[in-house]
Amino acid sequence: MIVQLSQHLTTWLLLVVVAFVAVPPAQASDPLEFLLSNGMKVLIVEVPKAPVATVQVWYKVGSRNEVMGRAGLSHMLEHMMFKGTNKYPNGSFSRLIRKNGGMDNAFTSQDFTAYFENLAADRVGLALELEADRMQGLVLDQNELKTEREVVKEERRLRTEDDPQGALVEALFAQAYMSHPYHWPVIGWFGDLDAMTLEDLQRHYDTYYSPNNATLLVVGDVKAESLLPTIKQLFEPIPRGPEPKPVLTMEGEQRGERRFLLKREAQVPFVMMGFRVPNFASEDSYALDILESILSRGKSSRLYQSLVYDQKLAIAVGAEYSLMQTDPGLFYFYSLVSPGQKVEQAEDALNREIRRLQNEPPTDQELQRAKNQVEAMHVFEQDSNFRHAMLLGQSESIGAGWKRVDQFLERIAAVTAKDVQRVARQYLIDDARTVGTLIPVPPKQPEPAPAAAQPGKS
Amino acid sequence: MKHWIGLGLWGCLVVFAPSSLSAADIVPMRFVAPNGMTVLVLEQHFLPIVEIHSLIKTGSAQDPPDKAGLANLVASLLDEGTTSRTSKQIAEQIDFVGGSLEVRASEDFTTASARILKKDVDLGFTLLADMLQHPAFHKQEFERIRTQILGEMASDNDDPGHVAMKAFNQLVFHGHPYRWPLNGTEETLGKITVADVAAFYAKEYVPGQVILTVVGDVTVDQVTGLVQTYFGGWKKSPGPARNIRKPGVLDKKTVQLIEKDLTQSSIVLGHSGINRTNPDFYAVSVMNYILGAGGFSSRLMDSIRDKQGLAYGIMSHFDARLMPGSFWISLQTRSETTNQAITGVLAEMRGIRDAPVSDQELAEAKSFLAGSFPLRLDSTAKLAQVLAQVEFYGLGFEYFSQYPRWIERVTKEDVQRVAKQYLDPQRYALVVVGNLAKSKVKH
């Protein structure tokens, strides 16, 4: 069993089965890069493996661009982006893509919002036309908002209200960040969802959905040379938009551990701890990535061997770190506690593994294994056009740029055992830690059900 | 061993050098080894990776009635130690090269696969062959994995969708092995012994039950050699006897309500389905697409999500298995709108039976199903899985070139006929998990 925590940090138009394991960037086949006259960046990777392609448009806007009282605005807008334009009215977007054998969807994270179509390579023109159309022509309608708000509230119930682990992830971020927008969940709070107006959405759209704030990716069996004229023809007429204001709020230093409990009906306890760590902008991010591997990647990793295999304290355990964030994020640990075991013991065991790394550097074997894993993942990543494009789109959207992906393997190769020990000592410290524990409470006694529908078979 | 591969089989080998591999071009090399193992090879030289995928024709459908979870437990123990490697050594070896091993049981078959870089293909074969031929089933690992599965079962109960499906399967597949969760129940898992595991393995894991599919940056010659080296010593053995009993059919509406302190009701509504080799499979696929499998374009999505805002997601499924599987519609809606959602679901089930679908719906469903076919084959792992299943269900490799034609043949009359035949808005199983006082289920 794998607990996919990062799934809780990305919210989709429609639930899809794409696992967001913490994906370290890796050197990819170099994309061909173009800059349109209106500032839109275009990246094309020619992959003549199968006659399919992915088209993705990434906007540099996510929950970090929202303000207090309007949490979830980016994600709500993502949903409204399927509600039609004058040219392609409500429902026709997905219908057209499907009719052409393609699949479309979208997702929003803390840092970005992305739209994609996976389809036969000879149909990419259709996806491009539809994306260009809704980059400027979205029609926001009050009645559509009214219904879609309810859909998003159902999504929130599904992901957070009725999912104990989702609820704990949300609380962890809310505790670890006080002033930075990573404080609130991508999907937003119920109250904010209710307060959102059409004007809020229009302003967000006008501010962020412009070519100079977007990256277009096409990865698959296409030729850049023949595709580029189409792209120019479709996207260049879209005028450059305002330069979005930078997000200024910075999070102050954490001085002392933060700790909280979450009590709700559940079968097994769950513990998480998050440490504030730097992102790609810091050289330390590579050592932190290796650190994550050593702790958590594969059944031979330290956390699995110790907590699951030897001590049998956990059903699932892991560490996740993504250096691919616009602002510094969290390095977090989690442990789904085995029935009959104590949550305190599971937490102690996590702490012991952290201290072990602080006290002695990893072995040469462990270091080499982590590096091999990163390298292999780089190759496997390219097996899917979709994931390949995601990697590039994410790097661009967070401000790292795809070239940094290219340098990633070199930097990883240079990490030493001492580096790993150093970052463990520097960042995984008690005073910079937020710990959340899910305490299962027994089921409530059901209120008497109406006579017409007694529990049980009928 | 030099007659390991009949020379005549080399005639099947077709070499392609197209700019990109279209579905119609997928023609694997296939041979049956003297020990009965079926081998499929598809060369893909675009990236230096190899997927080695074994499908063993056994699963939870073969669990003894009082020992549900046995097939899954056997599968879970395959990579937990062999006669020459400990669990930790297996993990160390595969992790060191950045590869992965995955073992998964399902109802009708079990898969064990290795994903590996080309340079490590020997290691991939070494580990997979060792796991399949020489699992140790140490008492200590057996106890550990069983305890772990029990923990997962407890944790699964925190997922209302899982709880609802578990109850639904028991209603629909009553009296049939398909009724239990793959990993069994606390009670049945507790009854399984190491001796049961070893006996199940000895009976079911024989070369004649295995389809080994290799896709990626290898040559047919190379795979032939690797198969001989690593599986050549696996002795032929008679296959297990099969009890081919179909699940029964629901004769009346059956409702089960499960109390849980939640804000949403998890709803599953459905009944028996079809098997994979049913000639109506393609017509059912078209009908089901229009009803509820067609993403944002389906009738259920349009009505329940887009018009009424009752759910984030709603889908209908036909789980076509070796024996007839099930049909179900699943969704979550807030407690207060439970009845409204169920009423909407039943209305759509009736609607697609009572009137023919529109020309547009039919055309769009067909063009999606045919047009999206290559997307189901666009990674090495997906290709290996689909190839193995085409062989398992005996669909024939013309499947890859003929699929669009089989879909194209479906008519409006077919759609209505299969809707009437395979959807029943009267005799169904309904499960609701949630706050029952608030949901006040009336159905």
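Over all chains, the structure holds 39 aromatic pairs, where rings of Phe, Tyr and Trp (its six-membered ring) pair if their centres lie within 6.5 Å, and planes under 30 degrees apart count as stacked, over 60 as edge-to-face and the rest as tilted. One of them is the tilted pair of A:Phe270 and A:Tyr334, with 6.3 Å centre to centre and 35° between the planes. This pair links distant parts of the chain, since A:Phe270 belongs to strand β9 (residues 270-276) of chain A and A:Tyr334 to strand β11 (residues 330-337) of chain A, 64 residues apart. Helices (H or I, at least four residues) and strands (E, at least two) are DSSP runs, numbered from the N terminus. A:Phe270 is buried, with a relative accessible area of 0%, and A:Tyr334 also counts as buried, at 5%; buried means under 20% relative accessible area, exposed over 50%, and partly exposed in between (1.4 Å probe, protein chains only).

The model is predicted: local features need pLDDT of at least 70 and side-chain atom pairs count only at pLDDT 80 or more, while totals for chains, interfaces and linings use all residues. Residues are numbered from 1 along each chain as its sequence is written, chains are lettered from A and ligands numbered from 1 in the order in which they are written, and side-chain values use heavy atoms, with hydrogens and water left out.

A:Tyr59, A:Phe82, A:Phe93, A:Tyr115, A:Tyr205, A:Tyr209 and B:Phe296 form one aromatic cluster. Charges also sit over rings, a term that requires NZ of Lys or CZ of Arg within 6 Å of the ring centre and within 35 degrees of the ring normal.

| Charged residue | Ring | Distance from ring centre |
|---|---|---|
| A:Arg98 | B:Phe368 | 4.2 Å |
| B:Arg376 | B:Tyr403 | 5.2 Å |

A nonpolar core is a set of buried Ala, Val, Leu, Ile, Met, Phe, Trp, Tyr and Cys residues joined through side-chain atoms within 4.5 Å. The largest has 73 residues, of which B:Val286, B:Tyr399, B:Phe400 and B:Leu430 touch the most other members, and helix α9 (residues 281-293) of chain B gives the most to this core, with nine residues. Apart from it lies another core, of 69 residues, including A:Val271 and A:Tyr427.

In helix α7 (residues 194-204) of chain B, the buried residues are B:Asp196, B:Val197, B:Phe200, B:Tyr201 and B:Glu204. They lie on the same side of α7(B), because they cover an arc of only 130° around the axis, taken from the directions from the helix axis to the C-beta atoms. The face turned away from the buried side of α7(B) carries the exposed residues B:Ala195 and B:Ala202.
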